[in-house]
Amino acid sequence: MPELPEVETVRRSLAPAVGATITDAWSRGVGLHMQRKPPLAALKMLAGATITAVRRHGKYLLVDTDAGKSILVHLGMTGRLRVVPSAQEREAHTHVVIGLGARQLRYADARRFGQVDVVETAAERAHASLAVLGPDALNDGVDPVALLARAKGKKALLKTFLLDQSVVAGVGNIYASEALWRAKIRPSMRAHRLTAAKATALAAAITETLVRSLENHGTTLRDFIAADGSEGSNKEFLWVYDRDGLPCLRCKTLIKRTVHQGRATYYCPTCQAA
Ligand SMILES: [Zn+2]
């Protein structure tokens, strides 16, 4: 599933679409799991508008136009947002196509857990998907004091707490494991047991983890590609995620895999003692 570095990589690779004028829109007419069908009528209304910027908050992308409206996109698990020549054959599972003259912005999503919507740019935070998001982990930074305050009284496992997008927007399953390993904190620790020192270490580790992955253009495990079709190389640099049975990069203890709330978690039983 694309997380902050992957979505930010897509955002950056969409730069060639900025300045383009929307000429038309098409939708396959098939519903996505998280919403009704993509709003084709609202997308068609954008014809004649020019794309002014592509922004991101957490794992959401916002394609702004000079019509005062933005196209909201969440990649879900397998979503791909690409800019391609109009003549290029459509890949399977293409759900939305935004015409940009000789090029097209296309949204394809095999498993349909993503989302495409149109929002009022000035009132974007009123949209149900964005209203619940906390500060963006990269643009706003991770504040250890706020992290500690949110963790107070929370019985959830720290790993689960980190996946709550209202705490920090953008951290997902891969980088939660990575950041906890970096900060030497056991993922199964209860959130309310977080100390000021651990919150400081964790906040720094989250930032480091995300920035590092972004420098490697994200982590491609299976589906993730940027808007230009390229894969990320961060998989080679993961410290702990997907490394069960391999030696810890710090202490050589074998990395363990466990499952929290249906999501795989990786940790070093020695370095991450508590
Ligand atoms: Zn270790």
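Visitor: How far apart do the C-alpha centres of domain 1 and domain 2 lie?
Guide: Happy to start there. This is a predicted model, where local features need pLDDT of at least 70 and side-chain atom pairs count only at pLDDT 80 or more, while totals for chains, interfaces and linings use all residues. Residues are numbered from 1 along each chain as its sequence is written. The domain assignment gives domain 1 as 4-131 and domain 2 as 144-267, with bounds that come from an automatic or database domain assignment, and the C-alpha centres of the two lie apart by 28 Å.

Visitor: Which element gives the largest share of the side of domain 1 that touches domain 2?
Guide: The contact takes 16 residues from domain 1 and 19 residues from domain 2, where contact means that C-beta atoms, placed from the backbone, lie within 7 Å. On the domain 1 side, α1 (4-13) and β5 (79-85) each supply at least two residues; these names are DSSP runs numbered from the N terminus, helices being H or I with at least four residues and strands E with at least two. The largest share, seven residues, comes from α1.

Visitor: How many residues on that side of domain 1 are charged?
Guide: Here Ala, Val, Leu, Ile, Met, Phe, Trp, Tyr, Cys and Pro count as nonpolar, Asp, Glu, Lys and Arg as charged, and the others, Gly among them, as polar. The side of domain 1 that touches domain 2 has six nonpolar and five polar residues, and its charged residues number five.

Visitor: What is the strand order in the open sheet of four strands?
Guide: Strands β2 (residues 51-57) and β3 (residues 60-65) pair in the antiparallel sense over six bridges, and pairing requires that DSSP finds at least two bridges between two strands. Five bridges join β3 to β4 (residues 69-74), also running antiparallel. β2 and β8 (115-120) stand at the edges, each with a single partner strand, so one side of each is left without a neighbour in the sheet. The order is β2-β3-β4-β8.

Visitor: Which residue in β4 is the bridge partner of D64?
Guide: D64 lies in β3, where it stands opposite A53. In β4, the bridge partner of D64 is S70.

Visitor: Which residue in the turn between β2 and β3 has a positive phi?
Guide: β2 and β3 form a hairpin, with two residues between them. The phi in question is about 60°, and the residue is G58.

Visitor: Is α6 parallel or oblique to α7?
Guide: Helix α6 (residues 173-182) packs on helix α7 (residues 196-215) at about 125°, with axes 8 Å apart. Axes are lines fitted to C-alpha atoms, for helices over the stretch in contact, and angles run from 0 to 180 degrees between N-to-C directions. Angles under 35 degrees count as roughly parallel, over 145 as roughly antiparallel, 65 to 115 as roughly perpendicular and the rest as oblique. The angle therefore makes α6, relative to α7, oblique.

Visitor: How many charged residues does the contact of α4 with α7 have?
Guide: Helix α4 (residues 144-151) packs with α7 at an angle of about 120°. P144, L147 and L148 in α4 meet A196, A199, T200, L202 and A203 in α7. By class, that contact has seven nonpolar residues and one polar, and the number of charged ones is no residues.

Methods: Two residues are in contact if their C-beta atoms, placed from the backbone, lie within 7 Å.
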